[in-house]
Amino acid sequence: MQRERITDHIFVFRSDQYAQVTAGVVLTGEGAVLIDTLLYPEETLLIRRYVEEGLGSSVKYVINTHFHADHTTGTCFFPGAQVISHKLCREMLDVRGRESLRQMKDNAVEFAPVELVLPDITFDDEMSLDIGGTNFKLWTSPGHSPDSIVCLLEEEEVLFAADTAMPIPYFVDGSFADFIGSLTRLLERDYENIVQGHGDIILRGEVPEKITSDLEYLRALDEAVKIALDKGQEGIENQISLRNCGKSHVLLNGIVQQLHQHNIRALVNYYRAESYEALDDQPEDEIERKKAWQQKKLI
């Protein structure tokens with residue numbers, strides 16, 4: 001696990017074991033605030049040890065930025081902490097999170113000590129907190145998932161963007177349109193740093209370019225998928241390259257190539273469903289003719 005210090009009281013931890021996923025620690029006058037955990041218990045427990053032994057503090061709050069296991073699995077290792085999330089995160093943890101954890105425990109002994117923890121404090125749109133003299137502003141940021149949020153440390157202008165900011169946007173469990181809206185909102189202010197949910201910290205001078213690049217990727221991908229569908233191409237996920245959408249295939253040690261292909265499939269499936277829904281109110285013979293035509297176009 002890698003540790004990076006942003007300011008005197010803000011630390012970022014990056015996993016060596018899973019997809020460079022990140023977690024943050026903010027040291028306040030009331031104790032430490034942990035923003036997300038890491039997937040494997042071993043690494044999250046190292047964070048706890050650093051807070052307790054290295055910083056002489058303890059974690060009083062845990063912020064779950066969304067329900068995905070790689071960001072929430074370690075919450076149970078901070079039993080005295082209050083847990084904060086979007087209300088949808090609590091709901092999704094209670095259903096999908098339980099099933100995901102059951103499968104993880106069935107498949108890997110490392111997750112045997114993990115227990116599901118539901119957030120104590122939830123919100124709908126945004127929330128501001130003063131914890132030990134540090135101001136946290138949280139707001140909903142859907143796209144990667146419906147329950148995604150971001151967390152801004154207002155005085156320091158450090159944004160923990162979670163999976164709203166990744167080496168490439170990944171919307172398979174969320175919404176393409178929502179992602180564009182959330183990224184556009186991020187452009188409304190300046191940040192000293194953005195901590196991505198996976199990968200490197202984005203520095204002040206790189207922030208506008210990074211967010212703009214993500215928006216350009218989404219729009220280029222959308223246009224490429226539409227063109228491929230119109231041409232009736234097969235195996236579309238292998239026809240649209242990351243480079244042509246403005247991103248490098250070497251990010252996250254190459255994992256982004258898989259994420260990119262999953263994004264393509266999600267868009268194709270979306271347009272497939274949209275095309276069939278558009279047929280609902282038409283005469284039956286016209287529906288059958290168009291269904292046959294659509295079947296030739298779509299993978």
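Val33 is buried, with a relative accessible area of 0%. Val33 belongs to strand E4. Setting aside residues up to four places away in sequence, Val33 touches Gly24, Val25, Val26, Thr28, Tyr61, Ile63, Ile131 and Phe136. Pro79 is 46 residues from Val33 along the chain, and the C-alpha atoms of the two are separated by 13 Å. This description rests on a predicted model.

**The chain as a whole**

The secondary structure of the chain consists of seven helices and 13 strands. The radius of gyration is 21 Å, close to the 19 Å that the globule rule gives for 299 residues, so the chain is as compact as a globular protein of that length. The C-alpha trace spans about 70 × 45 × 35 Å along its principal axes. Of the 299 residues in the chain, 50% are buried. If contacts between residues at least 6 apart in sequence are considered, 62% of them join residues at least 24 apart.

The accessible surface of the chain is about 13,900 Å². Carbon and sulfur atoms account for 46% of that surface. The chain carries 29 positive and 50 negative charges, and the mean positions of these two groups are 3 Å apart.

**The nonpolar cores**

Which residues have the most contacts inside the largest nonpolar core? They are Leu159, Tyr191, Ile194, Leu218, Leu221 and Val225, in a core of 38 residues. At least two residues of this core come from each of these elements: strand E10 (149–153), strand E11 (158–162), helix H4 (176–186), helix H5 (207–230) and helix H6 (255–277). The element that gives the most is H5, with nine residues.

Apart from its neighbours within four places in sequence, Leu218 is in contact with Pro169, Phe171, Phe176, Phe179, Ile180 and Leu183. There is also a second, separate core, which has 26 residues, including Leu38, Val62, Cys76 and Ala108.

**Two residues with positive phi**

Most residues other than glycine have a negative phi. Asp36 has a phi near 70°, a positive value in a residue other than glycine. Asp36 lies in the loop between strand E4 (31–35) and H1. Is Asp36 buried or exposed? Asp36 counts as buried, at 3% relative accessibility.

Glu157 also has a positive phi, near 55°, and is a residue other than glycine. The loop that holds Glu157 runs between E10 and E11. Glu157 is partly exposed, with a relative accessible area of 26%.

Where does Ser57 lie? Ser57 is in the loop between helix H1 (41–54) and strand E5 (59–63). Its relative accessible area is 18%, and because buried means under 20%, Ser57 counts as buried. Not counting residues up to four places away in sequence, Ser57 touches Leu27, Gly31, Ala32, Val51 and Glu52. Thr28 is 29 residues from Ser57 in sequence, and the two are 9.3 Å apart in space, C-alpha to C-alpha.

Pro208 itself counts as partly exposed, at 43% relative accessibility. Pro208 and Phe111 are 97 residues apart along the chain, and their C-alpha atoms are separated by 38 Å.

The table gathers the relative accessible areas of the residues described here.

| Residue | Relative accessible area | Class |
|---|---|---|
| Val33 | 0% | buried |
| Asp36 | 3% | buried |
| Ser57 | 18% | buried |
| Glu157 | 26% | partly exposed |
| Pro208 | 43% | partly exposed |

Conventions: Residues are numbered from 1 along each chain as its sequence is written. This is a predicted model: local features need pLDDT of at least 70, side-chain atom pairs count only at pLDDT 80 or more; totals for chains, interfaces and linings use all residues. Side-chain values use heavy atoms; hydrogens and water are left out. A nonpolar core is a set of buried Ala, Val, Leu, Ile, Met, Phe, Trp, Tyr and Cys residues joined through side-chain atoms within 4.5 Å. Buried means under 20% relative accessible area, exposed over 50%, partly exposed in between (1.4 Å probe, protein chains only). Helices (H or I, at least four residues) and strands (E, at least two) are DSSP runs, numbered from the N terminus. Contact means heavy atoms within 4.5 Å. The radius of gyration is taken over C-alpha atoms; the globule rule is 2.2 Å times the number of residues to the power 0.38. Accessible areas come from the Shrake-Rupley method with a 1.4 Å probe; for residues, only the protein chains shown count as cover. Lys and Arg count as positive and Asp and Glu as negative; His and the chain ends are not counted. The place of a charge is taken as NZ of Lys, CZ of Arg, CG of Asp or CD of Glu.
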